[in-house]
Amino acid sequence: MAGLIDIFAQGLEMLLVVGLAPLLVGWVRKVKAHVFRRRGPSLLQPYRDLLRLFSKDALLAENASWISRTAPYVVFAAVWVAAALIPTFAAGLVFHWAADLIAIVGLFGLARFALAVAGMDVGTSFGGIGSSREMLLASLAEPAMLMVVFTISLFAGSSQLASIVDFVLAGGIGIRPSLGLALVAVAIVAIAENARIPVDNPATHLELTMVHEAMVFEYSGRHLAMIEAAAAVKLLAWLSLIAAIFLPFGMAPGPHSGFGAMAVGLLAWLAKLAVLATLLGLFEASIAKMRVFRVPEFLGGAFALGVLATVLLFVSRGL
Amino acid sequence: MSDLLLIAVLLVPAVAALSLAFVRDYRTGATLNVTAALLAFAASVALLLGDRPPAGELLIVDDLNTTFVVLNTLVGFTTSVFSASYIGHELDSGRLTPVLLRFYHAMYQVMLGSMSLALLANNLGLLWVGVEVATLTTVVMVGIYRTEPALEAAWKYFILGSVGIALAFFGTVLVYLAAQEVLGEGLPALAWNRVLEVAPRLDPRLLDLAFVFLLVGYGTKAGLVPFHAWLPDAHAEGPTPISAVLSGLLLNVALYALLRFKFLLAGNPEAFAPGPLMILLGLGSLWFSALMLYRRRDIKRFFAYSSIEHMGIASFAFGVAGPLANFAGLLHMAMHSLTKSAIFMAVGHVAQARGTQKIADLGGLVRTHPMLAVGLGAGMVAIAGLPPFGVFTSEFLVLNSAFAAVPSLAIPLAIGLLVALGALLLRFVQILFGEPSAQGEPVQAAVWPLVLHLGLVLIAGVVLPDPLVRWFQHVAALLG
Amino acid sequence: MSALAIELVVAAVQGTVGLLAAASRPGRGWAFFVYGATAVASAIGFLTVLVFLSSGSPPAAVVLPLGLPWIGAHLRLDPLAAWFLLVLHLGSAAASLFALGYDAEPPRPRAVLPAYAGFLAAMNVVPLAADAFSFLFAWEAMSLFSFLLVLVHHEEGENRRAAYVYLLMAGFGSVCLLLAFGLLAGRDGSYAFADMVQHRLAPWAAAAVFLLAVLGAGSKAGLFPLHVWLPLAHPAAPSHVSALMSGVMTKLAVYSFVRIVFDLVGPSPWWWSVPLLVVAAATAVMGVLYALMQHDLKRLLAYHTVENIGIIFLGLGLALAFRASGLALGAAIALTAALLHVLNHMLFKSLLFLSAGAVLQATGERDMEHLGGLVHRMPATALAFLLGSMAISALPPLNGFVSEWLTFQAILVSPALPQPLLHYLVPVAGALLALAAALAAACFVKAFGVTFLGRARSSAVADAREVDRFQLAAMFGLVALCVFVGIVPAGAIGLLRGVTQTLAEGAVLGEGWLTGWLSLAPAGALRSSYNGLVVLSFVLFSAGASAWSVHRFASARLVRGPIWDCGYPDPSPATQYTAASFAQPIRRVFGSVVFRAREQVDMPPPGDPTPARLVVRLVDPAWNWLFEPLAARVAEVTERLNRMQFLTIRRYLVLVFLALVALLVVIALWQV
Amino acid sequence: MSGIDIELARLMATLMLVVSFMLLYQDRLAGLINAYALQSGLLALAVAAQAHAQEAPHLYVTALLALVVKGLAIPLALHRIVLRLGVHREIEKVIGVGTTMLFGLAVTMLAVLVVLPVTETAAALTREDLGFALAIVLLGLLTMISRRNAVSQVIGFMSLENGLILAATGARGMPLVVEVSVAFSILIAFIVVGIFLFRIRERFDSVDVHALDRFRGELP
């Protein structure tokens with residue numbers, strides 16, 4: 001019985017993550033449209049886009065190899081698994097111990113690697129430009145993220161998200177300057193990782209500025225749909241991650257904490273997502289896209305904040 | 001019996017030298033030369049294995065010199081074999097004439113005999129005579145090609161050698177003076193074993209003074225910097241068998257002579273400790289020659305500097321003193337002697353095959369002469385102090401003993417070794433590999449002396465024969 | 001027969017095979033014999049140490065009457081040695097198997113075969129040697145044989161230079177190790193390791209040993225800036241030898257470091273970890289940055305060896321720090337991370353070098369700018385290279401991730417250290433490690449993408465054929481191991497138990513260390529855990545489920561069309577992104593500082609048909625700031641000294657006279 | 001011990017030292033050769049005195065040798081060489097006379113300094129004798145290096161050798177002295193012959209491989 005609940009909770013989370021991701025994307029777009037005083041597309045437009053793509057035949061270049069065909073699934077799977085391992089409405093789900101925060105970062109890395117490789121498959125200059133820039137951004141974002149991971153893990157004594165959640169919920173941290181710095185850093189990293197403005201613009205097709213879109217240029221149909229879906233899930237995962245670390249309030253401590261706690265956790269999670277997505281939309285609407293070579297400085301700032309967070313941690317701890 | 005052997009070791013070369021002077025045909029001469037060298041070698045081996053004759057006033061056989069005598073006669077023998085195949089080519093190319101060869105063979109035996117005499121001498125005067133006769137004969141041999149550079153080299157060798165001779169003699173006189181106080185007049189006061197017995201009672205100041213002169217005198221022969229000047233040219237301009245013998249034997253004999261005197265100083269507690277001086281000269285030689293190696297364009301001169309380097313290492317080891325360091329020094333002398341003579345044999349053939357001694361023109365040897373390349377390559381690897389050859393063992397011991405005694409000393413030594421290694425490797429790669437600039441001609445090479453030498457060095461590198469170790473250890477303990 | 005005896009026999013067999021090959025005139029048949037024999041011997045050796053490690057057998061020692069008679073050749077098999085032998089045998093088995101597949105034309109058998117077998121034998125002895133003499137003997141022999149292997153294609157001047165630089169640096173390393181052993185042995189010259197352990201060195205001496213070990217092992221392993229020989233020499237050798245040099249030989253350097261610093265020296269102060277961490281982090285980042293600037297496939301891989309050596313030494317540095325403060329658990333985690341990475345790096349680096357060798361064999365090209373599109377011609381090799389790339393980029397669920405994950409876990413233990421300096425240093429080193437890993441991923445996207453993907457850039461690729469079954473077997477054997485260690489790391493880590501027990505203050509990683517389902521939880525279950533198997537199954541399940549459902553419920557048709565490329569399909573393969581263009585953003589961000597990269601564009605005026613040119617100039621800091629000035633100084637000194645060769649006799653006599661006078665003065669002063 | 005003969009020997013030794021300084025001082029070849037002949041003659045006397053003092057008749061041979069070969073034959077030969085080869089009469093010095101003399105004095109002091117600590121009881125040869133011999137040896141070497149002229153360099157070497165013989169004969173009962181002195185005489189003869197044979201007119205310097213430098217236009 002207990003095992004069944006475990007599996008159920010985990011399965012529910014996985015389904016929710018996939019199911020809600022397009023909605024989240026739609027929400028962000030809606031927020032931005034509102035800011036621009038437009039009506040904007042329906043909240044459900046991302047679902048429609050995906051369905052349309054799924055129903056079309058996939059068109060691949062003549063010289064595309066099996067890499068192009070498998071990469072979308074690998075990308076999607078890696079992101080999905082990462083998202084599934086992040087506590088959303090309940091911490092300590094059945095497979096939570098399979099991967100800690102570092103492994104989750106690693107899974108995102110796997111997805112990125114697969115996509116970047118796929119971008120090189122056909123041999124176009126756009127694919128190359130996208131992969132090259134993506135890997136540059138990642139190489140800057142990853143250390144910054146790791147510094148955040150260090151800060152948080154050093155606080156919580158663990159890099160396991162469930163333990164971090166427990167720790168924060170137990171009031172182990174309080175409000176610390178390092179935590180604020182880490183939050184800013186992780187936000188920057190999240191923006192970069194999800195190819196949002198000002199680092200990248202998911203809506204652009206202007207050659208010189210695009211990163212993510214350039215990689216997926218040659219994709220169409222179901223492959224493109226998988227990649228789009230993966231991007232949506234990734235956004236959701238990152239927002240959930242921020243929520244889990246910095247705002248774990250209301251989260252159910254585990255799958256066995258009863259239906260009520262689960263329901264509360266679910267509602268809290270949805271609320272947190274809505275807030276964060278709104279913030280993201282507002283932020284995106286209020287800022288312009290950066291030049292590509294300004295981005296390293298932006299991410300370098302995140303890294304510096306991460307380092308600062310770690311250093312301040314030791315100061316305030318008095319170790 | 002053992003007395004007879006002792007005499008035989010000395011007499012065989014003497015007789016051979018006399019008879020060789022009268023042999024017209026160079027082939028017969030070469031054969032006779034090889035035979036005599038073999039006989040001397042056999043006698044010395046028998047001497048090594050049999051009972052030791054008691055030390056006389058003039059001659060002595062002990063742990064120190066038996067191994068060196070065997071080594072000397074062995075290298076003398078193998079080099080004579082090499083020489084036999086070498087001179088054929090020289091005769092063909094007109095660099096030597098049959099008359100000169102008669103002279104050459106006779107001198108070769110005189111040289112071997114005098115070196116054996118120096119090694120076996122108990123009388124310090126006799127030791128001096130042996131070294132000097134060997135020097136003078138090699139002077140003549142170096143100039144045998146009678147080319148301008150050869151004569152110049154011989155002349156330089158002659159002049160610097162003569163000064164060395166003179167200073168060594170002065171040192172010997174001083175030792176006699178010191179010994180005569182205790183032992184009385186006449187032969188006993190020059191007999192090394194007698195002097196050693198009374199060494200603690202000798203006037204330490206006289207010994208100090210003597211050692212300075214002996215160091216400069218015999219150091220000149222051993223090629224220690226700054227007394228080395230004759231050595232590179234003599235090696236480069238003379239016939240290659242002579243270079244082999246010079247590097248392999250004469251340098252050793254000179255250092256051996258120095259060791260004999262070092263015994264005396266070690267036996268006298270008040271005497272100046274010669275260690276620092278030898279370390280200084282050794283390090284100087286090592287550093288200097290290591291740096292000089294980089295600029296050498298002539299392959300024989302290159303290896304001549306390498307000989308200076310190794311004499312420096314040996315001298316350094318003896319300077320460090322202590323059983324381990326002395327052992328290392330003795331081993332290094334033996335290993336260097338075998339290796340360097342092997343290298344010169346290979347170099348001799350290579351130079352004949354390619355018709356040049358210029359390093360720049362020798363490239364790509366593995367392509368043109370694979371066998372010679374392997375021989376020369378193995379020799380260079382060995383002399384560079386890389387395993388599995390015996391020089392590795394001795395350099396390992398030298399470095400470690402230095403470290404054990406004065407750690408700070410090991411560092412300049414190590415750097416010097418590295419600098420030398422750099423030069424050796426540079427030439428190793430340059431000579432053996434790459435596209436050959438010229439094909440060269442095939443040569444009739446006597447390969448087995450080379451193989452024998454390197455084989456011995458290899459064996460010593462893998463497992464040192466126990467008796468050798470015991471002899472050396474005994475001597476090393478005495479050396480203090 | 002004991003494990004030690006079997007190991008010795010294996011070494012002896014390899015040596016004998018080499019001798020036989022040297023004595024004969026080896027051709028194809030000999031190649032088959034030599035590689036077959038070494039492969040079988042390595043396999044036997046591997047099984048032996050595997051049994052030895054998993055059964056937790058006690059160390060075995062033997063003294064052979066070789067070498068210096070009064071000490072003999074001490075040989076000892078303990079868990080540490082066994083671990084490195086395990087790595088060695090796996091690597092050599094793969095390399096030999098690969099070499100068996102040189103069916104058409106084994107590269108220069110006369111030059112390669114004896115040296116190859118000798119190289120293996122020497123490497124085999126290095127971990128077994130238990131006295132300074134035998135160790136250095138084997139060590140130098142290892143250098144020497146690999147030097148000869150680097151010289152196999154000696155007609156190219158570049159290779160000769162590589163070999164020269166290599167052996168010179170190796171000589172430097174050996175001298176440093178020799179001096180370290182000299183200090184350890186003490187005055188009585190007790191060279192046996194067993195005696196050295198007994199010695200308690202003075203602090204300065206211990207520190208000197210440590211520094212010498214860093215220099216000695218570091219120069220052989222390729223720590224920045226002593227790495228310069230590595231990217232020259234490793235690519236120059238035949239590919240299976242490159243795999244061994246990068247995968248195994250550098251690991252033996254790590255072994256020597258661990259042996260000296262963790263075992264022989266004994267307790268160490270905490271500050272030792274500081275220089276080590278700094279150098280290691282610099283090595284990791286510099287290695288990968290160098291690699292990014294390369295377009296020679298094998299040289300790129302060689303630079304990645306430098307990077308990974310940095311990662312390994314980072315782990316070792318952490319272990320030192322923990323051990324000095326008595327944090328046994330942290331030390332055990334860090335040491336395990338480093339030693340596991342030793343295995344992992346051997347696996348994926350050998351794999352990558354072998355695949356690069358396959359490419360080289362098929363196309364004759366090492367320059368990525370001339371390759372491209374090989375995934376179509378050599379699909380299996382491409383798959384192997386891809387998996388190797390993922391492993392080296394530390395992507396889960398492959399093995400590279402496991403060891404980096406462990407390193408990060410060790411970093412997370414660092415707050416327990418009492419030294420404030422380390423509190424700051426360790427996380428920064430960790431961030432640099434993350435930077436290196438991310439850059440490595442970028443580099444391998446480049447390497448794989450430019451080499452295997454896209455369209456062929458030269459005719460060499462068009463005629464490429466997939467390599468034969470031996471070579472594929474070698475590669476996929478390594479792939480299997482990469483995956484296996486990635487998903488069941490506990491198996492490999494369990495073998496390391498004996499090592500950490502002896503070297504990390506006796507810490508046996510807690511029983512919670514390997515919790516249910518073979519997941520890793522080094523510091524107790526509450527801390528952090530990782531389970532590669534679950535992650536892999538999870539990913540596979542998700543990918544499979546999504547693929548299945550997409551194909552089932554949505555479109556399953558695939559239409560092929562021309563390349564779209566934003567509407568500008570250019571048929572010329574030259575318009576593809578090249579290795580240089582891929583690296584351009586990174587070069588601009590990092591290279592402008594580190595390599596003082598300068599780009600110069602010559603753009604002809606409009607109407608001028610001459611091609612535009614982009615010239616990139618890089619300055620190698622190691623050469624520019626360290627080695628070239630050194631070489632110049634030596635050249636200057638030799639130039640000056642060389643006048644001594646051309647003096648007149650009189651001047652030489654002046655020297656003699658001055659020396660004599662000086663000696664007399666010394667005597668006079670001495671007597672006063 | 002200090003019989004008249006010993007006193008004579010010591011006097012001769014002193015004079016030899018003085019002549020060594022004369023050798024350093026000379027700037028003409030003829031004068032140099034004559035000074036050397038003088039020193040050899042003094043050596044012969046010293047050795048004869050020693051022979052008498054030590055009651056070692058074989059030393060007379062050495063004395064005779066010194067007188068005949070070194071005192072007469074070699075100087076004569078050298079004079080002829082100078083004439084035949086047309087060597088410059090002037091000696092090209094490396095450093096000035098004054099400096100050379102200063103060096104000579106310093107070297108002599110050094111010689112005295114190093115023999116001072118030798119135990120006074122040394123019966124065979126007193127400290128003074130040893131000091132003289134040492135000084136003569138060093139001055140001989142100094143003579144060799146302070147001139148560029150081959151003949152004067154040879155003379156320097158021979159003067160050095162005179163010092164050796166002085167020391168050797170002074171050492172009471174030293175074996176092989178006669179043989180050694182004969183050997184040295186032959187050595188010197190070789191050098192002289194070598195100079196003549198190789199027609200080394202000005203310097204017996206050599207330079208290494210640089211062919212252009214090798215002759216410096218000096219060899220005929």
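Domain bounds come from an automatic or database domain assignment. The model is predicted: local features need pLDDT of at least 70, side-chain atom pairs count only at pLDDT 80 or more, and totals for chains, interfaces and linings use all residues. Residues are numbered from 1 along each chain as its sequence is written, while chains are lettered from A and ligands numbered from 1 in the order in which they are written.

**View 1. The two domains of chain B.** Chain B splits into domain 1 (1-272) and domain 2 (274-480). Their centres, taken over C-alpha atoms, are 21 Å apart.

**View 2. Where domain 1 of chain B meets domain 2 of chain B.** Here 40 residues of domain 1 contact 45 residues of domain 2; contact means C-beta atoms, placed from the backbone, within 7 Å. On the domain 1 side, α10(B) gives the most, with 15 residues. Helices are DSSP runs (H or I, at least four residues), numbered from the N terminus. That side holds 24 nonpolar, 14 polar and 2 charged residues. Nonpolar covers Ala, Val, Leu, Ile, Met, Phe, Trp, Tyr, Cys and Pro; charged covers Asp, Glu, Lys and Arg; the others, Gly among them, are polar.

**View 3. Chain B against chain C.** In this view, 52 residues of chain B contact 48 residues of chain C. α17(B) brings the largest share of the chain B side, 10 residues. The chain B side divides into 41 nonpolar, 5 polar and 6 charged residues.

**View 4. Helix α11 of chain C.** Of its 21 residues, 17 are buried, so α11(C) is largely enclosed by the rest of the structure. Buried means 20 or more other C-beta atoms, placed from the backbone, within 10 Å of the residue's own.

Definitions and conventions. A residue is buried if 20 or more other C-beta atoms lie within 10 Å of its own, exposed if 12 or fewer, and partly exposed in between; C-beta atoms are placed from the backbone. Helices (H or I, at least four residues) and strands (E, at least two) are DSSP runs, numbered from the N terminus. Two residues are in contact if their C-beta atoms, placed from the backbone, lie within 7 Å.
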